[in-house]
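Hi everyone, thanks for making time for this. Let me put the chain up on the screen, and then I'll walk you through it.

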Amino acid sequence: MATTALRLPLRLSAAKLCVRAPKPGARAANTPRWTQNRTVVSTPSGAILPKPDKTPFGLIRMTVVVVPFLYVGTLISKNFAALLEEHDIFVPEDDDDDD
């Protein structure tokens with residue numbers, strides 16, 4: 001009885017938003033795989049839907065994303081340090097090497 005009372009507002013809000021639970025294994029034909037957003041985790045009868053497909057984020061993809069941004073960040077910091085040295089705001093000293 002308590003679970004029915006708790007599920008009723010959830011069903012009503014889902015009906016207002018027109019959110020329907022997809023059939024297991026079904027996918028819209030015109031929706032690309034990478035734009036799917038799953039907001040429903042159970043069917044109206046209470047069954048839990050299977051886990052969505054997991055897209056692996058491999059080492060190659062991570063390298064393709066990280067390396068260009070590290071390079072751009074290095075260029076920006078190098079140019080900004082040169083600008084600061086040019087205007088005598090920051091001048092590194094060689095006295096710091098007291099080994």
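Of the contacts in the protein chain between residues at least 6 apart in sequence, 23% join residues at least 24 apart, where contact means heavy atoms within 4.5 Å. Before I go on, a word on the source: this is a predicted model, where local features need pLDDT of at least 70 and side-chain atom pairs count only at pLDDT 80 or more, while totals for chains, interfaces and linings use all residues. Residues are numbered from 1 along each chain as its sequence is written, and side-chain values use heavy atoms, with hydrogens and water left out.

How much of the chain is buried? Buried residues come to 2% of the 99 residues; the cut-offs are under 20% relative accessible area for buried, over 50% for exposed, and partly exposed in between, with a 1.4 Å probe and protein chains only. The accessible surface is about 9,600 Å², and carbon and sulfur atoms hold 63% of that. Those areas come from the Shrake-Rupley method with a 1.4 Å probe, and for residues only the protein chains shown count as cover.

On to secondary structure: there are 2 helices and 0 strands. These are DSSP runs numbered from the N terminus, helices being H or I with at least four residues and strands E with at least two. Helix α2 covers residues 59–86, and at 1.5 Å a residue its 28 residues should span 40 Å, which agrees with the 40 Å between its end C-alpha atoms. The expected span there is 1.5 Å times one less than the number of residues.

Now the loop between α1 (2–16) and α2, where we find phenylalanine 57. Its relative accessible area is 58%, so phenylalanine 57 is exposed. Together with Leu59, Met62, Val65, Val66, Phe69 and Leu70, Phe57 forms a nonpolar surface patch of about 760 Å² accessible area. Patch members have over 30% relative accessible area and no salt bridge; like charges are joined within 9 Å, and nonpolar side chains (Val, Leu, Ile, Met, Phe, Trp, Tyr) within 5 Å. A salt bridge is a side-chain nitrogen of Lys or Arg within 4 Å of a carboxyl oxygen of Asp or Glu.

Lysine 51 sits in that loop between α1 and α2 too, and is exposed at 79%. Its C-alpha is 8.8 Å from that of valine 41, 10 residues apart along the chain.

Finally, just after α2, aspartate 88 has a positive phi of about 55 degrees, and is exposed at 63%. Phenylalanine 90, in the segment after α2, is partly exposed at 44%.
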